[in-house]
Amino acid sequence: MTTPATNPPVSPSADYEYGFHDDVEALVKLPKGLSREVVNTISDIKDEPSWMRKLRLKALDHFNARPMPEWGGDLSDIDFDDIHYYVRATDRDESSWEDVPDYIKDTYDKLGIPEAEKQGLLAGVGAQYDSEVVYHNIREDLEEKGVLFLGTDQALREYPDLVQEYFTTVIPPNDNKFAALNTAVWSGGSFIYVPPGVTVDIPLQAYFRINSEDMGQFERTLIIADEGAQVHYVEGCTAPIYSSDSLHSAVVEIVCKPGSNVRYTTIQNWSNNVYNLVTKRATAYQDAVMTWVDGNLGSKLTMKYPAVYLMEPGAHGEVLSIASAGQGQQLDAGAKIVHAAPNTTSVITSKSLSMDGGRSSYRGLLKVYDGADGCRSNVRCDALMLDEHSRSDTYPVMEIDEKRVDIGHEATVSKVGDEQLFYLMARGLSEAEATKMIVNGFVEPIIKSLPLEYAVEMNRLIELQMDGAIG
Amino acid sequence: MPPPLFEIDTLQVAVEDKQIVNGLSLTLRPGEVHAIMGPNGSGKSTLANSLMGHPRYRITGGDILLQGESVVDMPPDERARAGLFLAFQYPTDIPGVSMINFLRRAMSARRGEEIPVREFRQVLNEVLGRLQMDEQFVRRYVNDGFSGGEKKRAEILQLGLLQPLVAVMDETDSGLDIDALRIVSEGINTFHSDENAILLITHYQRILRYVQPDHVHVLIDGQIVESGDASLAERLERDGYEPFMERTKEGVLSS
C-alpha cells in the first residue's frame, strides 16, 4: 500500500517561496481513485464508530449522484481517479513539538509556525501534513478552562458524542458535490469547543500543508462556541509546486451559540496547481457575532464563499475577503449571508485584485427571508485590475423577500488610475512603488482587521505576487 | 547673474491632437519668484502638468532644463527626485494610504536613501506646526475626504518636506478662504530661499499680495504675451485680461 513519492517537482517558481517538498516515503498512501473500498479503508484505518462509516458511505453516494458544478470556474480537468484520497506521513498526532518527525518539523520551521507559538503569539497550534494532523497543542490555562482544541479525528475518538451532536448539522452531506466528497473521505482538520463564557484571548492557529503529489486534502473543521464564548481561529495553507494538480476540498462548520463571538481567519497561499474548493458555513444564534476573514492568494482555481446563517434575532454576520489573482489563476470567491430571523445584521466587504492575466471574481448571495424584518445589511465589493489583460467580475445576488429591511450595496471595478500614479510619481516614487502603494491602500480595510503579524504577512505576499507581475 | 536654475525653451505641448502650449520660453534663476497669470483656457494647467511629465500631455517641441539638464525624457518620478515639484490644483485621493507613510516614502525617494524615523518625525512636526496643521492630520489617507483648504495645505506640507529646487504651484490659491490663503502663502515664503525658485501659476492676483513675485508673465493661448514686474499683476487686476487678448491673435499668427 505504501508507494514512494518519487516524482520530481517542477522547478519552483521564483514567486512562490513555499514550493519545496519533502522527499520522504509516506507511511500509508492509498492507491489513486475513489470507491466504497477506499472510503471503508479510511474508516478502518481510523477505527471509527459505525455512524461515521455510514455517513461517509451515504455521502459518497451523494457525491456520485451529483453532477459537476458548471458555474464558477472550469472543473472539467479534475480527474477524480487520479487522486490519492488518503496519505499519512506519520502515525501519531504529537502534542510535543520535539516528537514530530524531523522532516515535517523542518517544513514547519521554514514556514515559521513554531516560532509564533514560542513567542506566545498563539494560544494553541495545530499542524496538518497531507491527510493527518501531526501536531496539536494548546495553552495549559485554556485546557483547564475546558477549551478543546485538537484534531477532528482525535476528537472523534475522545469526544464521540460531542462530535456526533454537531457533525454535518451546519453543512449536510448532500449540500454540494464537494461537501459530499469531503464528508466521504475527510481526514484531519481542527475541532474546537469553547465552554460557556470562556474567552480565548489570542488566536488558535492551524497550519495545513499538502506535501504529496496528486494528493487530495480533505480536512474537516468543526468549531462550537458555547453561550457567551469567544474565540479567534487562524488557518494558513501552502503546498509544493508539482507538475500535476492537487485538490484541496475542505469543509468548515461553525456553531455560534447565543452571545458568542467567533472569528475565523484564513491566509491561503496555495501553489498554482491546487484546486481549492471549500465549503465554509456558520450558524449564528441570538446576539452571536460571526466573522470570516478570508485572504486568498495562490491556487489554480479557488471557489469559496464563506457563509453565515443568522438564525435568531440580534445575530451579526460579517465577511471580509481579499482575493489576489496572478498569472494562471482564477479566484472565484465571495460571501453568503442568510438573514433567517428579524433584527439581524450583516456586513460584506470584498476586495479583489487581478494582475498578470489573473482572473478574480466576487460572487455573493444576500438572502433575507420573509418575516425577517428590521434586518440591516451592507455589501461592498471593489475590484482593482493592475493591467489590461487581467480580468475582474462581480456577481452580487440579492434575494430580499421582506420589505422592512435596510440594505446597502456598492460595487466598483477599477484600474490602477493614471492620476493616482502620476500624483505619487510626481513625489518621486517609481511606477512599481507607486502601484504597490495604491494596491496596499486598496486592501487596507481588510488588512487592518487582521492580527498584526498576519497583516504583515498578507501585505508581504501581495507584494511578492506583484513583484512577479509588474517587475 | 547666477546661472539659470530652470529653463523652459520654446516649449510646445499638445493634448491628444490639440496644440495647447505654443512655443513658451521662461528662465528662472535661483531666488526668483515668477508668476504666470492667465484667463481660463489659456493653457495654465497644461503647462504645469507637462513640466512635471504627465503622460497625457505630449511635448511636441522645445525643451525643459533643470540645472542645465533636459528633463523632457524623464518620467515624473525622476524629475521629482532631480528637484522639480508640482503643487497640484486638484490633488488626487489615494484611499487606504496614510499621509505619514506616503510622506516618508516621498522624502526617502527625494533623498535617494531611507530617512531615519526620528529625523522624519522631527522635520514633519516642524512643518506641520508652521502650517498650523494638527499632528492627527497625517494619520488620514492621502487627500481622502480632505476639504479644498486641507488639500492645498497638504501640498504645501509636501513642498516644505521635499525641499525641491523648483516649485511649480498650479492655482494653489483657488478655493482658499482668506485665512487659509495667508497660511499657505506663509508656507511658500518660508520655503523660498536663494537656492530655489518658484513658479506660481494663477488666475487671480490675490496670492501675489502675500507671495511677492519678481517677474509676472501674462499667458494667453499658450504663449507669454507680456512680461513685467509686480506692477503688471496690478494692471491685470484693474483692467482684466481683455487688453491682452488682441495681442494673442497677433502672436499666434506670427508664430
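In what order do the 6 strands of the open sheet with mixed pairing in chain B lie? The order is β6-β9-β10-β3-β11-β12 (chain B).

## Basis of the model

This is a predicted model, in which local features need pLDDT of at least 70, side-chain atom pairs count only at pLDDT 80 or more, and totals for chains, interfaces and linings use all residues. Residues are numbered from 1 along each chain as its sequence is written, while chains are lettered from A and ligands numbered from 1 in the order in which they are written.

## Chain B overall

Chain B contains 8 helices and 12 strands; helices (H or I, at least four residues) and strands (E, at least two) are DSSP runs numbered from the N terminus. The C-alpha trace of chain B spans about 55 × 40 × 40 Å along its principal axes. Its radius of gyration is 18 Å, which agrees with the value near 18 Å for a compact globule of 255 residues. That radius is taken over C-alpha atoms, and the globule rule is 2.2 Å times the number of residues to the power 0.38.

β6(B) runs parallel to strand β9 (residues 166-170) of chain B and is joined to β9(B) by 4 bridges. Met169(B) in β9(B) stands opposite Ala87(B). Helix α1 (residues 44-52) of chain B packs on this sheet and touches β3 (33-37), β6, β9, β10 (197-202) and β11 (215-220) of chain B; the direction of the helix makes about 145° with that of β9(B). Contact between two residues means that their C-beta atoms, placed from the backbone, lie within 7 Å.

## The antiparallel sheet of chain B

An open sheet of 4 strands has antiparallel pairing and the order β2-β1-β4-β5 (chain B). Its edge strands, β2 (18-28) and β5 (69-70) of chain B, each pair on one side only. Strand β4 (residues 57-66) of chain B and β5(B) run antiparallel and are joined by 2 bridges. Glu69(B) in β5(B) is the bridge partner of Leu66(B).

## Contact between the chains

The contact takes 18 residues from chain A and 22 residues from chain B. On the side of chain B that touches chain A, α2 (76-82), β7 (94-98) and α3 (99-111) of chain B each supply at least two residues. This side of chain B has 14 nonpolar, 4 polar and 4 charged residues. Ala, Val, Leu, Ile, Met, Phe, Trp, Tyr, Cys and Pro count as nonpolar, Asp, Glu, Lys and Arg as charged, and the others, Gly among them, as polar.

## Helix packing in chain A

Helices α2 (residues 50-65) and α8 (residues 177-185) of chain A pack at an angle of about 150°, with their axes 7 Å apart. Axes are lines fitted to C-alpha atoms, for helices over the stretch in contact, and angles run from 0 to 180 degrees between N-to-C directions. α2(A) and α8(A) are therefore roughly antiparallel to each other (angles over 145 degrees). Among the residues that meet are Leu55(A) and Phe63(A) in α2(A) and Leu181(A) in α8(A). By class, the contact of α2(A) with α8(A) has 7 nonpolar, 2 polar and 2 charged residues.

Notes. Two strands pair if DSSP finds at least two bridges between them. Angles under 35 degrees count as roughly parallel, over 145 as roughly antiparallel, 65 to 115 as roughly perpendicular and the rest as oblique.
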